[in-house]
Amino acid sequence: MKRPASATASDRWVRLLLRLYPSDFRDEMGDAFVEAYHDRCRAAAERGRGALAAVWLRALVDSLWNGVGERLRPAVAWRRSGNWGRDMELAARRIRRSPVFALSVIGTLTIGLGAFAVVTAVIDKVLIQPLPYHRPNDLYFVWRDYTAWFDLKRGWVGGPDVAALDTAGGPIAGAVGLRLDQRTLSTNAASAGNPELIPVMISTPKLFDLLGVRPLLGRTFAPSEGGENRAPVIVLGYDLWQRRFGGDRSIVGSDVRLNNTPYKVIGVMDEGFHFVRHSSLGAPERADAFITFAYSLAGQSPRSGAFAALVRARPGASPQQIMAAVAAVGAAIDERTFNHKGLRLYPVGLEADLVAPVRPALVVLGLSALVLIIVLTVNLATLLLTRAAHREREFAVSRALGANRAALVRATLAEAGILGALGGFGAAIIAIWGTRMLVALAPLDLPRRESIAVDWRIGMVVVAVGALLGLCAGVAPAFWATRSTLATLLRQAAVRGGGRGRLRRGLVVMQVALSLVLLSAGGMVARSFEQLLRSHPGFDPEDVLTLRVEVAPWRYPNNASAVAFDDQFQQALAALPGVVATGASSAVPLTANTDQRDVRFPTAPGNTGQSDRDEPLVDVMQSRAGWFRTLRIPILAGRDFAPPRAGAPREAIIDRTLAAQFFPSGGAIGATLVIGDTLHPLTVVGVVDHARQYDLYRDGRPQVYLRDDDDTYGPLYFAVRTTRLPLDLVPDIRAAMRRLDSQLAIADVRTLDDIVNQSVRQQRLSAVLVAGFSLGALSLAAMGLFGVVAGTVAARRHEIAVRLALGADNGSVLRLVLGEGGVLVALGFVVGVPGVLLTGSVIRSALVGVSPFDPLTLSGVVTGMMIVTLAACYLAARRVTAIDPAGAFRGE
Amino acid sequence: MDIERTTDDPPPLRPVEFDILLSLAVGDRHGYGIIQDAQERGLGPVPDVGTLYRALRRLEERGLIKPSGRAPAADANDERRNYYGITPRGRRVARAEARRLQALTRAARLSGLLGAGAV
């Protein structure tokens, strides 16, 4: 029995190498394996140290190769000796035999994967896919930053700025200026029938060259087709071409009319071309057609900002280089035009500019979807593991009767794969419908909204991912269960529980933790949305219809004729049945459509002597009498606009913010107000509440309303408050317009409610999705807990029967089992806390009026989760009471 | 019950498996003994220990060999060892393989690949 010390040492090394082999191989062959190496070493030792070293080196390589080979053997055998038809038949039979299991797997996958696919499609289209231009990353919008002297971080640039950028050279390849305008489109000068107000992009001629896109038909602008005396030419967008001209290819070369001026159609863009002009403050806007400026940008007023500037960088120029080049142009303008007041120009990448507003919400969505898919996989693994545990005996008996392990693995994997693919199929359907629903719900200014769709290719990918997830979740249990032999099983039967139970408990703890994270995020987003809906925006959106009318300068060339038309139209609206109030303004609330100007109140008591404070930047709107009554914007002091009289001063109305700043103790009425560098002083006749122009949940800049009759320009939005359904008024309004002027069109007909809903669409969408995700995760976790506790009850049946037989009452046994579930829930909470903190900091930017660690919400979430999870435990634990000690013993 | 029916045609023997059957055809051997036999035959590479035991396990699963209990070691060290013996089925399979090799050799000779005197 004695062995030299070196031999035992080498035995230890061999046993270490043996760990490379699977455990069943070790059990069966281990001793003989060690012996053989022992012999070999002894033989080598006689030949010298070199030979011994060679043996060990070879042993290492040998064990690596064969150990891994032996571990992979079931897979190899599976590939070599597959009998697919039979496997599928077996798997299908198994699935039919346990419909509840199959349904829970398929349901889990359908919901989880479907939601994931929808979110992936949106994120892919919005955040990831490149814009459809040539080298889109080299395109930048340039904005003016006035923050050195007033609160405007992102202002339009001046015409000369664009010209300077275009000729700047260096890393800047070129620049174009852009404006968006509404023009009345008509096709036939003689009848002038069928007028339609369309958005038109006005740019310098090289817009399309700068974007690097080609037209579908005809050509785009030539360099000479811009500036004074340019030939009027127009490029049509695909949608307008289809809608208005039925896709007629012969349209190229013929004339259309904009505001009664003929334009020659020179080209049509293709379907994939969607260019939006980014705005200084509002949402990006798109146009139906493209024309060029009839003036030179360099000759425009250098002070006023009126254009969006789009800049292309030379290939290879870094964002820092562009930043520096644009800043240099800005510095020159600051010196020349603004006397070193501190004006800055800065570029923003096109993609970043487009996506920035929705990025926080999408990131939250993406993360929730990711967490959901983790919960989903964990749940799937738990389900399959439970199933494997149930079938362990069956496997062992099959093997004892001579079934080969490869076949068992194959059948289990086939089963998991079929379930996965079925789940994936369900998910694909959910994804396709879900995306359609989502796009319908999504905010209209969601970037590339129209291109978001799940097509059959993504559907196929979803099915494949489902099958793959099924297989992944099936691998562990399959190998695990088939490793067991009848002998080990019988040994285990004596001592229940063991390793697999621990794994399942670990998975459930993870599920509880992840659900806590998702639910707290969901709770926050829902609370935030609730806050949003509760906020009072300063007006009453119910029962109000708004519509835009452009009183075309080519038909009403002077102020008097335009105001006369507006009066007539407003009277016609007021005369419609069911209309209780009418008004008009240049901007509807929540559409970020105001002008920004600086104002001062020369005689106000609130002046401080600091020009920064005394000349604030305000939102300026032009309104007609009746606007405040129609929108129910409270008039806090003074009165509404009165009809203008010759010689009487021009009138203005200010909001409560300005009144509070400049007239803290009242007395605003009758004060004098000066706008910018205009010559006409205005008299304040009223103070109104602040009707929010930007966000539903917070005030924007201070506001000044000018009486539109004093100097009307641009389109007006008429508002009608009615006792009927607002949209029922539309035919009457169109008829009234036709009676007054058949060549004018009304556009943008929307209810104010609709506008409010639109403004919270993104938040609503996030709230719905995140809440859905977190509830999904919670139900998955509850299912997992139920399974574990029910499994415990089943496994401890014998022990519990003994306890009951020895006199324990149902209550104490129930508490025992419940305690086990409670511990898992508590552990899950503990594990989840860092996740909650992390998520909180991520979603902070997507929340409104609620802290990401709002104690009320968090305690609500925790309480809710406790109730649900403990209820799941309780339902499972109640099975204890069904144990009949006598029956349990008989069964053993 | 999920029982995979084994097909009647046995899969072909690998070289290392044939080596094992060759050794065991003479008499029971332990693992290292089989390696030594292969070394003595001097034909082709000598199998590594891991390769050998995996092959032993496969053959055992296919019923071609069986553990023949722990016999006293042939050498002086009074250790007990794992011995393997060939089963009747193993002998049949080995014989079939040998015939197949013989037929192949004959064919090779006929096609002029091997000289008349070559082994």
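Mentor: Gladly; we will take the terms in turn and set each value against its cut-off. Keep in mind that this is a predicted model.

Trainee: Let us begin with chain A. What is it made of, and how much of it is buried?

Mentor: Chain A has 26 helices and 23 strands. Of its 892 residues, 43% are buried. Among its contacts with a separation of 6 or more, 83% join residues 24 or more positions apart.

Trainee: And what does chain B look like along the sequence?

Mentor: Chain B has four helices and three strands, in the order α-β-α-α-β-β-α. Buried residues are 31% of its 119, and residues 24 or more positions apart make up 53% of its contacts with a separation of 6 or more.

Trainee: Why is A:Asn259 called buried?

Mentor: A residue is buried if 20 or more other C-beta atoms lie within 10 Å of its own. A:Asn259 has 20 such atoms within 10 Å, so it counts as buried. Its place is the loop between strand 6 (255-258) and strand 7 (261-268) of chain A.

Trainee: Why is A:His340 called exposed?

Mentor: The limit for exposed is 12 or fewer. A:His340 has 10 other C-beta atoms within 10 Å, so it counts as exposed. You will find A:His340 in the loop between helix 9 (319-337) and strand 12 (344-349) of chain A.

Trainee: What makes a group of residues a nonpolar core?

Mentor: Its members are buried residues of the nonpolar kinds listed for a core, such as Val, Leu and Ala, joined through C-beta atoms within 7 Å. The largest core has 108 residues, and A:Val364, A:Leu372 and A:Ala777 are among those with the most contacts inside it. Apart from that core lies another, of 62 residues, including A:Leu236 and A:Trp241.

Trainee: How do you know that strand 18 of chain A is mostly covered?

Mentor: Five of the six residues in strand 18 (residues 650-655) are buried.

Trainee: What makes strand 18 of chain A paired with strand 20 and with strand 21?

Mentor: Pairing takes at least two bridges. Strand 18 and strand 20 (residues 682-688) of chain A share six, in the parallel sense, so they count as paired. In the strand 20 pairing, A:Arg650 stands opposite A:Leu682; in the strand 21 pairing, A:Ala652 has A:Leu706 as its bridge partner.

Trainee: How do you know that helix 24 of chain A is close to its expected span?

Mentor: Helix 24 (residues 810-843) has 34 residues and spans 46 Å between its first and last C-alpha, close to the expected 50 Å. Helix 24 also bends by about 35° at A:Gly832, and A:Pro834 follows within four residues. A:Gly832 is one of the buried residues of helix 24, along with A:Gly828 and A:Val836.

Trainee: Finally, how many residues of each chain are in contact with the other?

Mentor: On chain B there are 17 residues in contact with 30 of chain A. Helix 3 (49-61) of chain B gives the most to the side of chain B that touches chain A, with seven residues. The residues on that side are six nonpolar, five polar and six charged.

Key:
Residues are numbered from 1 along each chain as its sequence is written. Chains are lettered from A and ligands numbered from 1 in the order in which they are written. This is a predicted model: local features need pLDDT of at least 70, side-chain atom pairs count only at pLDDT 80 or more; totals for chains, interfaces and linings use all residues. Helices (H or I, at least four residues) and strands (E, at least two) are DSSP runs, numbered from the N terminus. Two residues are in contact if their C-beta atoms, placed from the backbone, lie within 7 Å. Ala, Val, Leu, Ile, Met, Phe, Trp, Tyr, Cys and Pro count as nonpolar, Asp, Glu, Lys and Arg as charged, and the others, Gly among them, as polar. The expected span of a helix is 1.5 Å times one less than its number of residues. The bend at a residue is the angle between axes fitted to the seven residues ending there and the seven starting there.
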